[in-house]
Amino acid sequence: MADPRVSEEPAEVEQTGNPATDFALALLAGFVEAGVADIVVSPGSRSQALALAAAELERAGAARLHVRIDERVGGFLALGLTRETGAPTVIVTTSGTATANLHPAVLEAHEAGIPMIVVTADRPSELRGIRSNQTTRQDGLYGTVVRASHDVAAPVGAAGETEDARALARAAVAEAVGADSADPGPVHLNIGFREPLSVAVPQVHGVARGELPATAGPEALGRAVIELTDGPRTVVVAGADAGAGAAELARAGGYPLLAEVSSGSRFGPELVVAYRELLRDEAFGGRVERAVVFGHPTLSREVPALLLRDDVEVLVVAPTGGEAYNPGRRAQVAGGVRAPADVDLRSPEVRAWVGSWVFASRRLAEEAERAADPAAGAPDVEKARSYDPADALAFARAELAAVRAPISRPLLAEALWRYTWPHDRLVLGASRLIRDADRLVPGKKIVVHANRGLAGIDGTIATATGIALAAEARATETSAAGVTRVLLGDLALLHDVGALLGGAGEARPHLQVVVGNDGGGTIFDGLEVAATAPAEAFDRVLYTPQAVDLSALARAYGWEYRVARTKGELDQALSAPPQGPSILEVPLPR
């Protein structure tokens, strides 16, 4: 019986007689036939057969190839490509320290449940354990965070090896997407190669991208789909990557929706933007009897505090993932939920419960918006229409003051949200700014990405580059692509500065990196340590001040650069970003 995970018969690929080349070409062709669209390569000698095979698949139009000299950048680029497409990306490295540089991206992929296939080239068995150059213990390198780890003996040209390579590719894709386990994540293939490490790669024809295997349902994890009972005062919590299901349950059940900005659920009439303040209020948070949680909440302390309360029933919805978000280890974990069949959304009790949260949130949000941007507000229409010179002058001065208003962090976060539309992509880095956005921005059905699996600053620009490239590649098939904007702090930019270097001859994405530059890690200013640590030591080891010339940095990598110091300059820069990659620096006070 044909493997249902492959849509077509494998293409015929000419054999060269070189075991490394033949195996590499069959393996990568097998990935494509199993549904892989993107291959990331970081250069190296031991992996040359894989790299050259990837280049041939690109020439044949079978796969998209991305080359990065820094493996850490390549790992997060692969993560971003998969975040946008949903299909596992293959990343290829040589042996030695190159393999360790992928570890941060592998960890994020593990925690976020993102399929990724890491292919590391290695020495053959006879060169291991003798301190051969650029050789270390690569088999099992990523430990328990990969879904599967395969240490593959160096090919020798034996009969059936290329068929084995294709079978290995199919198995790795199925393991990465969780076809049997419902636990998607990274997979590691460590492959030995003997010299000669490659020969000329023959042209390939007929390698067509197949259909990905589907991720197994929650029954594979022993998690049932539960119908909620009517009665308990319920809130829906949506953390990172929750998706639209959280908003749908809130609508169907008449529940307040506490949706983080990176949840993919931050829309709908049940949305409660000011959820932090209301959870601290006994009249709101104190009355909650049940919380239904989607995704991975990471942006507040109030949500975990709610879920740890003994008087709150906690139901976590996790259709995939071997591990589920479960603070206090007291939640019931379900594969899915349904609203009560007998709920009456028009009943006074339901309307009063959700309505009280929504209206209170709106009042608090309006106050926060006025505090963030004192110059905001509707223009004085009467003065604008007046023929009195004094009124006209007053109106002009008010408008000019609004344009010249300085930029605060909340104002910056709100502006990015306002200028993002459904055909765009918004990527939020780990900094104070994502929290400012979470406190302030209203409901809007747009695509938001953030690496919140481990919530690190690693690889933000590389991830965003992958998202932008994948979004633009997909848009050619359906509709015009928008712009991908990234909101991050200065340290996150400098931590991933190598990602500013793209691959020679590759497409340059329409990517606008917006940097809130406050000269260091001001997120630490809001933590308890700021009140106890000596100021000099605090600045030295936590705030870590920096004074990098970002305009010179942008020029060095060939990126467009612009600075915005006022609200008017910010609006202008966001409304018309340059084509290709650009950096928009926004100086902020500490």
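Strand 8 (residues 234-238) and strand 10 run parallel and are joined by 5 bridges. In this pairing, Val237 stands opposite Val293 of strand 10. The description given here rests on a predicted model. Strand 10 also pairs with strand 11 (residues 313-317), again in the parallel sense and over 5 bridges. Together with helix 9 (residues 302-307), strand 10 and strand 11 make a β-α-β unit, which is right-handed.

Of its 5 residues, 5 are buried, so strand 10 is largely enclosed by the rest of the structure. In a regular strand the side chains alternate between the two faces of the sheet. The structure holds 2 aromatic pairs. A pair of aromatic rings is described by the distance of the centres and the angle of the planes. For Phe284 and Trp357, the ring centres are 5.6 Å apart and the planes stand at 80°, so this pair is edge-to-face. Phe284 belongs to the loop between helix 8 (275-279) and strand 10 (290-294), whereas Trp357 belongs to helix 10 (residues 348-372), so the pair ties together parts that are 73 residues apart in sequence. Phe284 counts as buried because its relative accessibility is 14%, under the 20% limit for that class. Trp357 is buried as well, with a relative accessible area of 0%.

The rings of Trp353 and Trp357 also form a pair; their centres lie 5.7 Å apart and their planes are at 70°, so the arrangement is edge-to-face. Both Trp353 and Trp357 lie in helix 10, and their separation of 4 residues is about one turn of the helix. An α-helix has 3.6 residues a turn, so residues three or four places apart point the same way. With a relative accessibility of 8%, Trp353 counts as buried. Through these ring pairs, Phe284, Trp353 and Trp357 are linked into a cluster.

Charged side chains were also found over aromatic rings. The charged end of Lys444 sits over the ring of Trp421, at 4.4 Å from the ring centre. Arg590 lies over the face of Tyr543, and the distance to the ring centre is 3.6 Å.

Helix 14 (residues 432-440) has Leu433, Ile434, Asp436, Ala437, Asp438 and Leu440 as its buried residues. The N-terminal end of helix 14 is capped by Ser431, which has a side-chain oxygen 3.1 Å from the backbone nitrogen of Leu433.

For the protein chain as a whole, the secondary structure comes to 20 helices and 19 strands. The radius of gyration of the chain is 26 Å, close to the 25 Å that the globule rule gives for 590 residues, so the chain is as compact as a globular protein of that length. The C-alpha trace spans about 85 × 60 × 55 Å along its principal axes. Of the 590 residues in the protein chain, 53% are buried.

Note on methods: Residues are numbered from 1 along each chain as its sequence is written. Side-chain values use heavy atoms; hydrogens and water are left out. Buried means under 20% relative accessible area, exposed over 50%, partly exposed in between (1.4 Å probe, protein chains only). Helices (H or I, at least four residues) and strands (E, at least two) are DSSP runs, numbered from the N terminus. A polar contact is a pair of N or O atoms within 3.5 Å; within protein, one must be able to donate a hydrogen and the other to accept it, and residues adjacent in sequence count only if both atoms are side-chain atoms. Rings of Phe, Tyr and Trp (its six-membered ring) pair if their centres lie within 6.5 Å; planes under 30 degrees apart count as stacked, over 60 as edge-to-face and the rest as tilted. A charge sits over a ring if NZ of Lys or CZ of Arg is within 6 Å of the ring centre and within 35 degrees of the ring normal. Two strands pair if DSSP finds at least two bridges between them. A crossover is right-handed if, with the strands pointing away from the viewer, the path from the first strand over the helix to the second runs clockwise. The radius of gyration is taken over C-alpha atoms; the globule rule is 2.2 Å times the number of residues to the power 0.38.
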